[in-house]
Every structure is written in C-alpha cells, then in structure tokens.
Amino acid sequence: QADDGGGDNISGIDYQFHFAAQKCLEMLAHPNKYEFVSSETHEDVVVRLKSGFYEFYQVKLKSSEQWDLSDLKSRGVWKNFIRVREEFGPNNSFWFVSDQTAKFSTQRGR
C-alpha cells in the first residue's frame, strides 16, 4: 500500500535511523553488553544484549503535540508490543521513543 506521508514520513525514518545509530555507538562503547543492533526487523529498532535478552523500540516522530494513549493505539504501537512479547516472551524490554513527551506516565518492572 502506498504511503502518502511524504516529508513527514522521511523525517520519521530519519529520526528512527538516528536512534539506531545512537544504539550502534553504545554497542561500540560497551562491546561486552551488546550483541547486535538491527533496524526494521521485529520493531523499529531491536537490540540484543549479551545476556540473551532483547530491547525492542518503537521510534516515532510527532512534532506537533504530546502523545496520548489513543495515538499509540491508532499507530499500532501497543499491538506491535503485544505481538513481539508473545513471540519473544515477557522478560525483554519494550520501549517507546519519541521527540515529544506523553500526557501520561507508566512504569512497569520486568
């Protein structure tokens, strides 16, 4: 299906790739912690730790306003996290990264 996002879509991809590059730099700085970093596989960015666990990141650009739960639901963020959790298990980390703050805060341990 064609994407009509145009410039906004390119900006979002650029933001995502910059985040992945940051994770690659962290991997180079801490080679005993990270096994690999990938982009556009199971999530926007996936990091495999030497411990065997994964960090899954949804990376989204939204310059206009704060995020709310309905935005995350409509963009498929929760659905993706649930899918990945079912495939890889609950002992991994699931993160949402954006250029904007959220109208809510939630914290849940592993």
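Modeller: Before we start, contact here means heavy atoms within 4.5 Å. Also, keep in mind that this is a predicted model.

Biologist: Okay, then where is D44 found, and is it buried or exposed?

Modeller: Look at the loop between strand 1 and strand 2, and you'll find D44 there. Buried means under 20% relative accessible area. D44 has a relative accessibility of 8%, so it counts as buried.

Biologist: Which residues is D44 in contact with, leaving aside its neighbours within four places in sequence?

Modeller: Some of the partners, S38 and S39, fall within strand 1, which covers residues 34–39. Others, including Y57, fall in strand 3 (residues 54–60).

Biologist: How many bridges join strand 1 to strand 2?

Modeller: Strand 1 takes in residues 34–39 and strand 2 residues 45–49, and the two run antiparallel. Y34, for instance, stands opposite L49 in strand 2. The number of bridges joining these strands is 5.

Biologist: And which residue in the turn of that hairpin has a positive phi?

Modeller: Strand 1 and strand 2 form the hairpin, with 5 residues between them.

Biologist: Let's switch to the rings. How many aromatic pairs does a search of the whole structure find, and which residues do ring pairs link into a cluster?

Modeller: The search of the whole structure comes up with 9 aromatic pairs. One of them is F56 with F88, a tilted pair at 5.1 Å centre to centre and 50° between the planes. Ring pairs link these two into a cluster, whose members are F36, Y54, F56, W78, F81, F88 and F94.

Biologist: How many residues apart in sequence are the parts that F56 and F88 tie together?

Modeller: F56 sits in strand 3, while F88 belongs to helix 3 (residues 77–88). F56 is buried at 0% relative accessible area, whereas F88 is partly exposed at 25%. The pair therefore ties together parts whose separation in sequence is 32 residues.

Biologist: What about Y57 and W95: is that pair stacked or edge-to-face?

Modeller: Their ring centres are 6.4 Å apart. Planes under 30 degrees apart count as stacked. Those of Y57 and W95 are at 20°, so the pair is stacked.

Biologist: Which of those two is partly exposed?

Modeller: Y57 lies in strand 3 and W95 in strand 4 (residues 93–98), so the pair ties together parts 38 residues apart in sequence. Y57 is buried, with a relative accessible area of 6%. At 44%, the partly exposed one is W95.

Key:
Residues are numbered from 1 along each chain as its sequence is written. This is a predicted model: local features need pLDDT of at least 70, side-chain atom pairs count only at pLDDT 80 or more; totals for chains, interfaces and linings use all residues. Side-chain values use heavy atoms; hydrogens and water are left out. Rings of Phe, Tyr and Trp (its six-membered ring) pair if their centres lie within 6.5 Å; planes under 30 degrees apart count as stacked, over 60 as edge-to-face and the rest as tilted. Helices (H or I, at least four residues) and strands (E, at least two) are DSSP runs, numbered from the N terminus. Buried means under 20% relative accessible area, exposed over 50%, partly exposed in between (1.4 Å probe, protein chains only). Two strands pair if DSSP finds at least two bridges between them.
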